[in-house]
Every structure is written in structure tokens, then in C-alpha cells.
2 protein chains.
Amino acid sequence: MEPTHIEHIGIAVNSLEQAIPFYEKVMGLKCYNVEEVADQKVRTAFFRVGQTKIELLESTDPEGPIGKFIEKKGEGIHHIAFAVKGIENKLREAESKGVRLIDTTPRKGAEGLDIAFIHPRSAFGVLTELCEDKSDE
Amino acid sequence: MEPTHIEHIGIAVNSLEQAIPFYEKVMGLKCYNVEEVADQKVRTAFFRVGQTKIELLESTDPEGPIGKFIEKKGEGIHHIAFAVKGIENKLREAESKGVRLIDTTPRKGAEGLDIAFIHPRSAFGVLTELCEDKSDE
């Protein structure tokens with residue numbers, strides 16, 4: 001089944017405090033939530049743009065995934081998240097097609113979504129997230 | 001005025017022919033258009049996901065922007081495009097706030113949109129596109 005929309009775009013930044021004013025004052029968006037995801041060693045700030053959220057990611061630990069990403073590549077776009085229905089089935093289907101998964105079963109992400117990542121090596125360099133909001137059901 | 005939605009996400013790939021099957025067979029999207037943008041030295045393939053398009057970009061010239069991007073960073077997410085109304089005003093507004101623009105006036109992009117880029121140095125590492133579909137008016 002095809003994804004319904006782009007749920008969010010994850011962007012790695014050095015500092016939420018520095019980056020939030022760009023999205024608010026220049027882009028005209030509103031930060032509606034700042035949340036710490038301890039498991040991922042990040043603080044996140046969210047903005048809505050139509051169906052999609054911009055999710056700024058600030059590392060809380062240099063050894064966490066965003067800390068390492070910024071050390072290697074600098075600030076920039078980190079991942080794209082596709083909203084799907086039936087995430088477990090999508091993962092099994094992808095696996096059966098030889099796709100390399102980072103998460104073979106969904107885990108809890110920011111805002112309570114069920115999330116799983118496809119490895120960028122299987123997605124032409126793009127860290128690709130599938131996510132499902134089961135509170136919709 | 002705030003952007004209405006994410007118009008597209010641009011992804012740099014070595015080969016459309018290799019990357020399209022991932023988006024079609026694994027992600028379940030449909031490529032509805034392949035177009036050459038001679039000005040940008042790219043061939044593009046488009047997929048719809050809700051309000052947003054995935055735009056795969058294959059370089060037609062190693063000296064073009066996508067050729068250089070891939071040489072430096074490898075395949076991956078290249079830019080995010082925000083759909084706006086009144087692109088000229090948005091550019092003047094951004095400039096007045098000290099934002100560095102790549103395009104100080106809009107030019108024609110893929111699918112006939114008016115587009116302009118904000119420099120990633122002013123956008124925390126993200127190559128940020130503003131675009132407007134004036135055929136809507």
C-alpha cells in the first residue's frame with residue numbers, strides 16, 4: 001500500500017534555539033512542540049506545513065545518531081518519514097524485496113508514532129523512515 | 001505568509017533507472033513524469049505522496065549542481081521546496097531579514113513553477129527552495 005503523505009522531514013541542527021527563529025521569522029512557521037526523545041539522544045522542535053512536519057533535531061549526546069551525523073556531515077537534512085498504514089506489513093514486504101532495514105520491528109518515536117527506518121544503502125543514500133499513527137485507529 | 005505545504009523533496013541519485021524501482025516497488029509510489037531541466041543539467045523523475053512530490057534528480061553533466069553535489073556528498077536528499085503564495089514578496093522579506101539568497105528573483109523550474117533558492121548557510125545547512133505555481137491563479 002502506498003504512503004498517504006510525508007509525515008515529517010528530520011533536520012539535524014547544532015542548536016534548536018538558533019534554528020527555530022529561521023523557521024518562525026523567515027519561513028513564517030510556528031513551533032508548536034519541543035520534546036526530548038531520550039532513546040534517540042535528541043531534543044526535537046516541530047513545525048506544521050500542510051500535511052507535513054518539519055522536525056528539527058538537536059543532539060543531546062555526541063555519541064547519539066544526530067551527534068555523529070553532524071560530526072560527519074554537518075547540519076542538514078537527516079531523514080524523510082513516510083506515513084503508512086500497516087507498518088509491520090510494509091516492513092515484511094520490504095524485507096522480502098531484499099531491502100536492508102535498521103528496525104525490523106517498529107519502535108516508539110516522537111509524538112507517540114510507531115516508527116522504523118530503512119537503511120540508506122537500500123534507499124539510494126536517503127535515511128527513510130516509515131511511520132504510523134495508531135492513535136488514528 | 002506561511003508556506004501552504006511541502007511542494008517537493010529533491011533527492012540526488014546517480015541513476016533514475018536504478019532509483020525509480022525502489023520508489024515504485026518498495027515504497028509503492030508511481031512515477032508520473034520524467035523531465036529534463038536543461039538549465040539545471042538534470043533529469044528528474046516525479047512521484048506524488050499526498051501534497052508533496054518526491055523529485056529524483058540525476059545529473060546530465062558532472063559540472064552541474066547535482067553532479068557536484070554527488071561528487072562531494074554522495075547520493076542523498078538535496079533540497080526541500082516550500083510552496084508559497086507571493087514568492088517575490090517572500091524573497092524581499094527574507095532579504096530584509098539578512099537571509100542570503102541564491103536567486104534574488106524567481107526563475108522557471110521543473111513543472112513550470114516559479115522557484116528561488118535560499119542559501120543553505122542562511123538555513124542551517126538546508127538548501128531551501130521557495131516555489132509558487134502561478135498556473136493556479
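Predicted model: local features only at pLDDT ≥ 70, side-chain atom pairs only at ≥ 80, totals over all residues.
## Relation between the chains

Chain B is superposed on chain A by a rotation of 180° with 0.0 Å of shift along the axis, and the RMSD is 0.0 Å. The two copies are thus related as by a two-fold rotation axis.

The interface residues of the chains correspond as well: 100% of those of chain B are also interface residues in chain A, so the copies meet through the same surface.

## The sheet of chain B

Chain B contains an open sheet of eight strands, in the order β2-β3-β4-β1-β5-β8-β7-β6, and the pairing is mixed. The edges are formed by β2 (31-37) and β6 (107-108) of chain B, each of which pairs on one side only. Strands of a sheet pair through backbone hydrogen bonds, either parallel or antiparallel.

Both senses occur around strand β1 (residues 5-13) of chain B. With strand β4 (residues 52-59) of chain B, β1(B) pairs in the parallel sense over six bridges, and B:Gly10 stands opposite B:Glu55 in β4(B). With β5(B), β1(B) pairs in the antiparallel sense over seven bridges; here B:Ala12 stands opposite B:Gly76. Eight of the nine residues of β1(B) are buried, so this strand is largely enclosed by the rest of the structure.

Strand β5 (residues 76-83) of chain B also pairs with β8(B), in the parallel sense and over four bridges. In this pair of strands, B:Ile80 stands opposite B:Thr128 of β8(B).

## Helix α3 of chain B

Helix α3 (residues 87-96) of chain B has four buried residues, namely B:Ile87, B:Lys90, B:Leu91 and B:Ala94. Viewed down the axis of α3(B), these residues fall within an arc of 100°, so they line one face of the helix. On the other side of α3(B), B:Asn89 and B:Ser96 are exposed.

The cover over the buried residues of α3(B) comes from both chains: it includes α1 (16-26) of chain A, together with β7 (114-118) and β8 (128-132) of chain B. After the helix comes B:Gly98, whose phi is positive, near 85°.

Conventions. Residues numbered from 1 in each chain as written. Chains lettered and ligands numbered in written order. Heavy atoms only, no water. Least-squares fit on C-alpha atoms with pLDDT ≥ 70 in both. Contact = heavy atoms within 4.5 Å. Buried < 20%, exposed > 50% of the residue type's maximum accessible area, 1.4 Å probe, protein only. Helix = DSSP H or I, 4+ residues; strand = E, 2+ residues; numbered from the N terminus. Arc of directions from axis to C-beta. Pairing = 2+ DSSP bridges.
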